[in-house]
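Here is a short briefing to read with the structure at your side. Take your time and find each feature as you go.

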Amino acid sequence: MMKLFSKLLHETYVQIIPERYTNKVFCIGYNKTGTTSCGKALQMLGYKHSSFNPKVKQYYKNNEIVKILRYTAKFESFDDTPWFNEDLIPILNKTFPNSQFIYLSRDEELWKRSIYHWTFKQTGNYPNIEN
């Protein structure tokens, strides 16, 4: 019940806050490179933050870029999908002038080990990370 209330509260918030096409901060990186931690740090610093949102991910899958941009205009900082997608970054850069993009990377072997264990926790199957 609390999860449903929280979701409804977030959706209402997104509908009533104004759109601002000014500078934003985007945490850019693959899974398990620290994007979520970066987002949490920005939130702790007082940014109005948005992380993974299934509705926005669906907008991306449906190529509904204008809907992504309108959603993005309501927050100040972001991590996770769709904002880290390489084809969206130039659009975000042009739409939100003077934005900052924090690019996160990780040693490849450490990243493979982390994604290997994370995928198993999520799916119960180990991925083939060599391909």
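This is a predicted model: local features need pLDDT of at least 70, side-chain atom pairs count only at pLDDT 80 or more; totals for chains, interfaces and linings use all residues.

**Confidence across the model**

The protein chain averages a pLDDT of 88, and 86% of the residues score at least 70.

**The disulfide**

- The structure holds one disulfide (a pair of cysteine sulfur atoms within 2.5 Å).
- Cys-27 and Cys-38 are its partners, with an S to S distance of 2.5 Å.
- Distant parts of the chain are linked here: Cys-27 sits in strand 1 (residues 25-28) and Cys-38 in helix 2 (residues 35-44), 11 residues apart.
- The link of Cys-27 and Cys-38 is left-handed, with -70° about the S-S bond.

**Backbone features**

- Most residues other than glycine have a negative phi, and most peptide bonds are trans.
- Thr-81 and Pro-82 are joined by a cis peptide bond, with omega about 5°.
- Pro-82 is placed in the loop between strand 3 and helix 5 (89-95).
- Asn-63 has a positive phi, near 60°, and is found in the loop between helix 3 (54-61) and helix 4 (65-72).

**How to read this**

- Residues are numbered from 1 along each chain as its sequence is written, and side-chain values use heavy atoms, leaving out hydrogens and water.
- Local features need pLDDT of at least 70, side-chain atom pairs count only at pLDDT 80 or more, and totals for chains, interfaces and linings use all residues.

Conventions. pLDDT is the predictor's confidence in each residue, from 0 to 100. Helices (H or I, at least four residues) and strands (E, at least two) are DSSP runs, numbered from the N terminus.
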